[in-house]
Amino acid sequence: LSETEYADLGNALRTLSKEQPITCAAVRLLALTGWRRGEMLSLKWTDADLVTRTARLPDTKTGASMRPLSHAACDALRELPRMSALVFPASAGADKPMRGFPKAWARIAKAASLPPEITPHTLRHSFASVAADLGFSELTIAALLGHKKASITSRYAHHADAVLLQAADRVGYHVAGLLGETAASGDVVPLRLASSGLAPT
């Protein structure tokens, strides 16, 4: 997404948040984490630890994965009601993921005047692009996105590495700013790392 498209998306999310609070929160989480849509929809509250700022995703495209959560992403999760074991259920108390997300995204994208080629997966690519522009290495970006080649699950059984948490914070803070949101909570420590591109999948 361009800076203008990010700003337009942020405006649309704020405009529609009263009518569609859960779906707008889902889109925000995708933008702030770079997760795949399926990872977001299958997220359970028991898999999200807002104290250690980590999320355990047991079944992703590349297998089980642990992801660092930025303060911005944690704040987005804290704002959500706990209606089910799932963070984004089909309805209150349901044990199945939200089914109307594609239609909800279409409405949000239309309100933001986004081109039709921009999909929820575009937010993943954009997250990686922002991280690369901020100077993070390909390996760091891969770990943030949950690529198998850089999975942190095997290295950190109970917590995410502090450097990855700082990276998640810096990218999440920047994306939140592009969306026109206020600064995320917590301190963001600037890191100077080698720049590298990445094409997420």
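Colleague: Why is Arg78 called partly exposed?

Modeller: Arg78 has a relative accessible area of 49%. Buried means under 20%, exposed over 50%, and partly exposed in between (1.4 Å probe, protein chains only), so Arg78 is partly exposed. This is a predicted model, in which local features need pLDDT of at least 70, side-chain atom pairs count only at pLDDT 80 or more, and totals for chains, interfaces and linings use all residues. Residues are numbered from 1 along each chain as its sequence is written, and side-chain values use heavy atoms, with hydrogens and water left out.

Colleague: What makes Asp75 and Arg78 a salt bridge?

Modeller: The term requires a side-chain nitrogen of Lys or Arg within 4 Å of a carboxyl oxygen of Asp or Glu. The closest N and O atoms of this pair are 3.2 Å apart, so the label applies. Asp75 is also partly exposed, at 23%.

Colleague: Why are Asp75 and Arg78 about one helical turn apart?

Modeller: Because they are three residues apart in helix α4 (residues 71–78). Helices here are DSSP runs (H or I, at least four residues), strands likewise (E, at least two), numbered from the N terminus.

Colleague: Why is Glu19 called exposed?

Modeller: Its relative accessible area is 51%. Its salt-bridge partner is Arg107, at 2.5 Å, N to O. Arg107 lies in helix α5 and Glu19 in the loop between α1 and α2, so the pair ties together parts 88 residues apart in sequence.

Colleague: How many salt bridges does the rule give?

Modeller: Seven.
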